[in-house]
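Open the model in your viewer and keep the selection panel to hand.

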Amino acid sequence: MTFWLLLTVNSVTFGGLLFLLSAGFSLIFGLMRIPNLTHGSMFMLGAYFGTTLLSGVLGFRFDFWLAAIVCAIEVAVLGALMERLLLRRLAGQQLAQVLVTLGVSFMVADLCLMGWGGDPISVATPAGLNGFIRFGTAVFPLYRLAVIAIAVIFALALWLMLERTRLGAMIRAGVDDPQMARVVGIRVSQLFTIVFALGAGLAGFAGLIGGPILSVYPGIDQDMLPLALVVVILGGTGSLLGSFVGSIVIGFIYNFGQALLPELAYFILFLPMVLVLVLRPQGLFGGQIL
Amino acid sequence: MSKLVLARGLAALIAVIGLAVVPYAIGEVYYVNIASQVLLYAIFALGLNILVGYAGLVSLGHAGLFGIAAYVAAYLLVAGSGHVLAIAAALLASLLATAGFAALSLRSTGITFIMITLALGEIIWGLAYRWISLTNGDNGITVPARPAPFGIALGSARAFYVATLIVFLIAIVASGIFVRSPFGAALRGARDQPRRMSALGYHVWMIRFWAFMFSGLLSAIAGVLFVYYNQFISPQALALTASAESLLMVISGGAGTLLGPVVGAALVVIVKNVVSAYVERWNFMLGAIFVAIVVFMPEGLVPGIARLTGALWRSRGKANLPMTAGPQQ
């Protein structure tokens with residue numbers, strides 16, 4: 001019983017982390033119509049930037065949450081630069097854009113290896129969340145519960161942003177029909193930069209938030225990117241609800257698969273993606289952004 | 001016309017002779033091995049090019065097809081079967097997998113096609129990585145010995161190079177015949193104008209399916225050569241990075257040309273092996289080359305250089321060109 005309960009909490013936690021990673025991926029995919037293959041790299045960059053901030057820059061040691069916000073901003077700026085300088089040159093050529101993101105992901109992986117070395121770096125759990133909560137015989141780490149809370153807060157904030165703000169309305173219009181959005185005077189190309197920066201920032205934020213659970217190591221980008229892909233394909237591109245439900249589902253499939261059927265873990269992870277792509281290419285929640 | 005054919009034939013003959021004397025011209029075993037790698041990856045890239053260049057379908061899962069052949073061959077060889085059986089079973093298994101890949105992915109084109117092939121490739125990689133009782137997981141499978149076809153042992157670097165060269169020549173000639181055949185024309189038609197081709201009575205899906213099968217066959221052959229070359233196979237050869245690298249070979253050299261993938265394979269293998277001895281950050285270089293080619297020379301090196309030299313030529317002798325150039329001849 002305790003085993004199942006723990007596995008369930010771990011699955012929801014991992015799902016929450018996946019949501020932070022894949023919400024931006026989904027919006028970028030929905031708006032720009034390309035899978036951003038640097039998204040795993042953004043996650044990794046955020047995590048590595050975070051470790052540097054936590055260990056202190058110029059004698060100033062950052063608090064965990066401050067570091068998470070700072071590295072989210074740093075990665076967001078990098079994302080915006082990449083969109084402006086590289087992807088913008090290839091506007092309209094989706095294939096070329098995908099290939100460029102693939103090339104950049106190679107470069108980022110190597111730069112991180114150069115900057116932070118090949119050894120895994122563990123991230124200390126933020127002060128105050130080191131404890132555990134007892135629930136009957138089961139013991140839950142407080143930090144994992146906090147990650148779930150953070151994911152829910154971000155989901156609500158993103159939902160409010162998309163539903164209630166002018167920017168959100170423009171993004172929805174752009175996802176729905178970019179040409180018509182242009183016709184009514186929305187600067188869709190500007191939206192591209194904003195959404196790309198937002199998605200990259202979220203991924204960078206998720207990188208450090210995931211640090212205490214996953215630690216940071218070379219190759220984490222290649223581990224996370226396929227997961228984000230699976231989530232977004234399952235949920236439907238450009239759909240916030242889809243990426244939320246998809247994250248939780250994949251969180252469960254991933255954790256239960258690793259625990260119960262380790263030999264076939266990746267098979268049962270990617271099988272739903274293939275099935276959805278083949279049977280329902282728009283995803284489970286495709287066509288509805290919220 | 002016939003002069004052109006003659007010139008081309010002569011160039012091809014010189015190239016083949018050049019390739020054949022490579023192991024004798026360069027004495028060092030290390031470089032002969034690099035040359036073998038270039039050729040075996042060139043076969044892989046030729047296979048992927050059929051799909052990427054001539055069918056217009058970009059696959060990010062081809063390392064899976066390459067890997068299935070390699071794993072089946074390795075598994076059977078370790079189990080003690082003969083080389084003929086192992087190779088035949090490897091090619092057959094990979095072709096079956098290719099048919100599965102094609103059946104699932106050809107429902108779509110464009111980005112969705114990329115995603116389906118990527119997911120399928122990841123499934124194959126995941127099985128190789130995690131199905132430890134079958135594949136030995138990350139530790140991989142070590143193959144005892146290279147074969148000795150017709151009594152010629154392929155243990156030495158030179159002998160293996162010559163064998164790879166022969167397979168490579170067959171592969172490139174077969175590719176050339178394939179793309180120049182009426183079927184190849186239909187394939188390009190299906191790439192450029194699928195609806196018109198349908199309207200003309202061509203079965204576009206079936207054309208793409210057989211192109212996929214041919215592509216899978218070449219990938220499988222490369223996979224078998226790979227496992228004999230390294231005498232070892234591990235999940236790394238099947239990872240997304242491997243698929244991306246093979247795509248880089250095709251696109252950097254020039255998708256939709258016969259020589260492009262060969263040049264691309266040489267570029268990638270040389271950067272990976274030779275340049276890495278001098279430059280520590282070769283992975284960064286590989287990514288940078290990829291980005292630069294996509295941004296500045298999207299058609300690839302071979303057509304790109306042809307275009308640049310053509311432009312140079314034209315700017316020198318502007319006067320007589322407008323009439324002679326062009327497709328009317």
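Predicted model: local features only at pLDDT ≥ 70, side-chain atom pairs only at ≥ 80, totals over all residues.

Start with the largest nonpolar core, which has 200 residues. Select B:Tyr41, B:Ile43, B:Ala70, B:Ala73 and B:Val224: these have the most contacts inside this core.

Which residues is B:Ala73 in contact with, leaving aside its neighbours within four places in sequence? They are B:Ala86, B:Ile87, B:Ala90, B:Val224 and B:Val227.

**Helix α4 of chain B**

Colour its buried residues: B:Ala86, B:Ile87, B:Ala90, B:Leu91, B:Ser94, B:Ala97, B:Thr98, B:Phe101, B:Ala102 and B:Ser105. While looking at their spacing, recall that an α-helix has 3.6 residues a turn, so residues three or four places apart point the same way. Now display α3 (62-79), α5 (110-130) and α10 (204-230) of chain B; the buried residues of α4(B) pack against these helices.

**Where the chains meet**

Show both chains. In chain A, 39 residues are in contact with 34 residues of chain B. Select α4 (94-116), α9 (220-235) and α11 (265-279) of chain A, each of which supplies at least two residues of the side that touches chain B. The most comes from α4(A), with 15 residues. Colour this side of chain A by class and you will find 32 nonpolar, three polar and four charged residues.

**Helix α8 of chain A**

Next select residues 188-214 of chain A, helix α8. It has 27 residues and spans 36 Å from first C-alpha to last, close to the 39 Å expected at 1.5 Å a residue. Centre on A:Leu208, where α8(A) bends by about 30°. A proline, A:Pro212, follows within four residues of that point. Of the 27 residues of α8(A), 20 are buried, so the helix is largely enclosed by the rest of the structure.

Step just past the end of α8(A) to A:Ser215, which takes a positive phi of about 60°. A:Ser215 is not a glycine, and it is found in the loop between α8 and α9 of chain A. With 14 C-beta neighbours inside 10 Å, this serine counts as partly exposed.

A:Arg33 is found in the loop between α1 (2-32) and α2 (39-55) of chain A. It is partly exposed, with 17 other C-beta atoms within 10 Å.

**Two buried residues of chain A**

Select A:Gly79, in helix α3 (residues 64-87) of chain A. Is A:Gly79 buried or exposed? It is buried, because 28 other C-beta atoms lie within 10 Å. Leaving aside neighbours within four places in sequence, A:Gly79 is in contact with A:Met42, A:Phe196, A:Ala197, A:Gly199, A:Ala200 and A:Gly201. For a distance to check in the viewer, take the C-alpha atoms of A:Gly79 and A:Ile194: they are 115 residues apart along the chain and separated by 9.2 Å.

Move to A:Phe14, which lies in helix α1 of chain A. A:Phe14 is buried, with 25 other C-beta atoms within 10 Å. Not counting residues up to four places away in sequence, it touches A:Gly251, A:Tyr254 and A:Asn255. A:Phe106 is 92 residues from A:Phe14 in sequence and 25 Å from it in space, C-alpha to C-alpha.

**The hairpin of chain A**

Finish with strands β1 (residues 132-135) and β2 (residues 138-141) of chain A, which pair in the antiparallel sense over four bridges. Together they form a hairpin with two residues between the strands. In the turn, A:Gly136 has a positive phi of about 65°. To follow the pairing across, select A:Ile133, which stands opposite A:Phe140 in β2(A). Then select A:Phe135, whose bridge partner in β2(A) is A:Ala138.

Terms used
Residues numbered from 1 in each chain as written. Chains lettered and ligands numbered in written order. Contact = placed C-beta atoms within 7 Å. Nonpolar A, V, L, I, M, F, W, Y, C, P; charged D, E, K, R; others polar. Buried ≥ 20, exposed ≤ 12 C-beta atoms within 10 Å, placed from the backbone. Core = buried A, V, L, I, M, F, W, Y, C linked by C-beta atoms within 7 Å. Expected span 1.5 Å × (residues − 1). Bend = angle between axes of the 7 residues up to and from the residue. Pairing = 2+ DSSP bridges.
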